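Please look at the sequence and the three-dimensional model shown here, and keep both in view while reading the report that follows.

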Amino acid sequence: MARMPRFLLSHRQTTYHVISRTALDGYPLGDQEKNLLLGIIQNLSAVYFCQVLGFCLMGNHFHLLVTMLPEDEISDQEVQDSFQQRYGDEYTLMPGQIPFYRQKWTSLSEYVKEIKQTFTRVYNKKRGRKGTFWAERFKSLIVEKGETLINCLAYIDLNPVRANLVDKPEDYRWSSLGYRFRNHRKDTFLSWNLGLEE
């Protein structure tokens, strides 16, 4: 049976709640693996045209709350800047390649696929293993901005509390709330564009 196509909105800014689970038994995402995964998400979020609003990395799955920007909002110069960020001076972006990278770097599917593939490559190399790390395709739900988005973000950040890993969500290192508490707006990784003026 053919897979159902993923429902994506590419013509406007759209926020998605992304969930992906591991294929391995137990809880293969320990502290080092969570640090690695978070670093990959941060690096790719600086290349892709997206805004990460929230995340939570658990022992056997992760959540991302991310807004993808549409292609028609991205200038040629922004594509060139992202290319420079991704590849440095090693490669030159040709004008004919700009539409390809604009489409790729505004795609939720490409963004999550690259996160998962990059993690799997590093994880497998470190452990001398082959094969998949992640289970079936990631799940994604469209989230409207405003109160619905705030509730979704709270749900994501409360994962460690529900799992009895911490008493307070801000104490968990690998969630957006814990990240915000530790970094005090020192970097631009997480966006505050939650759709509410207050």
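Strands β2 and β3 pair in the antiparallel sense over seven bridges, where helices (H or I, at least four residues) and strands (E, at least two) are DSSP runs numbered from the N terminus, and two strands count as paired if DSSP finds at least two bridges between them. Within this pairing, Gly54 has Leu65 in β3 as its bridge partner. The model is a predicted one, in which local features need pLDDT of at least 70 and side-chain atom pairs count only at pLDDT 80 or more, while totals for chains, interfaces and linings use all residues. Residues are numbered from 1 along each chain as its sequence is written, and side-chain values use heavy atoms, with hydrogens and water left out.

**The sheet**

Four strands form an open sheet in the order β2-β3-β1-β4, with antiparallel pairing. The edge strands are β2 and β4, each of which pairs on one side only. On average, neighbouring strands of this sheet are turned by 20° against each other, direction ignored. Helix α5 packs on the sheet and touches β1, β2, β3 and β4, and its direction makes about 155° with that of β3. Here contact means heavy atoms within 4.5 Å, and the axes are lines fitted to C-alpha atoms, for helices over the stretch in contact, with angles that run from 0 to 180 degrees between N-to-C directions.

In soluble globular proteins, nonpolar side chains tend to be buried together. The largest nonpolar core of this model has 52 residues, and those with the most contacts inside it are Leu64, Leu108 and Tyr111. Among the elements that give two or more residues to this core are β1 (14-21), α1 (31-45), α4 (108-127) and α5 (147-157). Such a core is a set of buried Ala, Val, Leu, Ile, Met, Phe, Trp, Tyr and Cys residues joined through side-chain atoms within 4.5 Å; buried means under 20% relative accessible area, exposed over 50%, and partly exposed in between (1.4 Å probe, protein chains only). Not counting residues up to four places away in sequence, Tyr111 touches Ile41, Leu44, Ser45, Tyr48, Cys50, Val52, Leu64, Val66 and Met68.

**Salt bridges**

How many salt bridges does the structure hold? There are eight, a salt bridge being a side-chain nitrogen of Lys or Arg within 4 Å of a carboxyl oxygen of Asp or Glu.

| Pair | N to O distance |
|---|---|
| Glu144 and Arg12 | 3.9 Å |
| Arg86 and Glu114 | 2.5 Å |
| Lys113 and Glu110 | 3.6 Å |

The salt bridge between Glu144 and Arg12 links distant parts of the chain, with Glu144 in the loop between β4 (139-143) and α5 and Arg12 in the segment before β1, 132 residues apart. Glu144 counts as partly exposed because its relative accessibility is 46%, and Arg12 counts as partly exposed at 35%.

Arg86 and Glu114 are also joined by a salt bridge, and this pair links helix α2, which holds Arg86, with helix α4, which holds Glu114, 28 residues apart. Arg86 is partly exposed, with a relative accessible area of 32%, whereas Glu114, at 12% relative accessibility, counts as buried.

Lys113 and Glu110 are separated by about one helical turn because they lie three residues apart in helix α4. Arg86, Lys104, Glu110, Lys113 and Glu114 are linked in a network of salt bridges.
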